[in-house]
Amino acid sequence: MKKLVIFDLDGTLLNTIDDLGQAANHALLKNDFPTHSIASYPFFVGNGVRKLMERVLPENSRSAQMVETLLADFKTYYNDHLADYTKPYPGIVELLEDLRDRGVKLAVASNKYHEAVQRLIAQAFPNIPFAAIEGQKEGVKVKPDPSVVFSVLAQAHVEKADTLYVGDSGVDMETARRACVDSVGVSWGFRPVKELNEYHANAIVSSPAEIIPIVENGIPIE
């Protein structure tokens, strides 16, 4: 049985895409750039908000200075509106409570900036005792660099072999691979199942409840 499950946040635990898209479009409008449809944002996110700002800008406007300007405007808006539409995916609260009751340690490893991660987790899951909550911090490389996973493992005092990493993107699957922990891709997030397969997810689930038997018995052998 796995002793620790590390979850990605956006697209895995929480559907944050509307609030992310609204904040990015606000920053674009403020700086006289065209906006994007909310439906396009799942393909912009996943590598941290600085990379998000690069991707939403027109290619000929992606200077370091403009990215920083857009990022500041994004954060100002997002900090006030980060939970306007954001909510857990169906079955996620029940999954976390089930794992908690089984004595499994829980953690979050996200490329979203750390302060926002902490606030969202506190609001969405006030009754879940996470062993570690890690967002993007200055000076620490973003996923798929495995540093954030190693930080979680150190805080939780759990070995790699006893850990499961759950996420919705190729970035997450590559993070797990580089950290040498088992991975589970979820089909309800921001990226298609094809991407999860391309990045060698050890297993793919279509509902949160399917994670329980993997935690109990390990990755299914096909």
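Colleague: Which elements do the buried residues of α5 pack against?

Modeller: Keep in mind that this is a predicted model. Helix α5 covers residues 114–124, and its buried residues are His-114, Ala-116, Val-117, Leu-120 and Ile-121. Their packing partners are β2 (14–15), α3, β4 (105–113) and β5 (132–136).

Colleague: And how wide is the arc those buried residues of α5 fall within, seen down the axis?

Modeller: As a rule, an α-helix has 3.6 residues a turn, so residues three or four places apart point the same way. In α5, the buried residues line one face of the helix, because they fall within an arc of 160°.

Colleague: On to the sheet: which strands are at its edges?

Modeller: Six strands make an open sheet with parallel pairing, in the order β5-β4-β1-β6-β7-β8. On average, neighbouring strands are turned by 20° against each other, ignoring direction. An edge strand here pairs on one side only, and that applies to β5 and β8 (203–205).

Colleague: What is the bridge partner of Tyr-113 in β5?

Modeller: Strands β4 and β5 run parallel and are joined by four bridges. For Tyr-113, the partner in β5 is Gln-136.

Colleague: What angle does the direction of α7 make with that of β6?

Modeller: Take α4 (residues 92–101) first: this helix lies across β1 (4–7) and β4, running at about 155° to β1. Helix α7 (residues 170–179) also packs on the sheet, where it touches β4, β6 (163–167) and β7 (182–186). Its direction relative to that of β6 is about 165°.

Colleague: Which residue does a cis peptide bond join to Lys-143?

Modeller: Look in the loop between β5 and α6 (147–156). Omega is about 20° there, and the partner of Lys-143 is Pro-144.

Colleague: Is Cys-180 buried or exposed, and at what relative accessible area?

Modeller: Cys-180 is in the loop between α7 and β7, and its phi is near 65°, positive although the residue isn't glycine. Exposed means over 50%, and Cys-180 counts as exposed with a relative accessible area of 55%.

Methods
Residues numbered from 1 in each chain as written. Predicted model: local features only at pLDDT ≥ 70, side-chain atom pairs only at ≥ 80, totals over all residues. Heavy atoms only, no water. Buried < 20%, exposed > 50% of the residue type's maximum accessible area, 1.4 Å probe, protein only. Helix = DSSP H or I, 4+ residues; strand = E, 2+ residues; numbered from the N terminus. Arc of directions from axis to C-beta. Contact = heavy atoms within 4.5 Å. Pairing = 2+ DSSP bridges. Axes fitted to C-alpha atoms, helices over the stretch in contact; angles between N-to-C directions.
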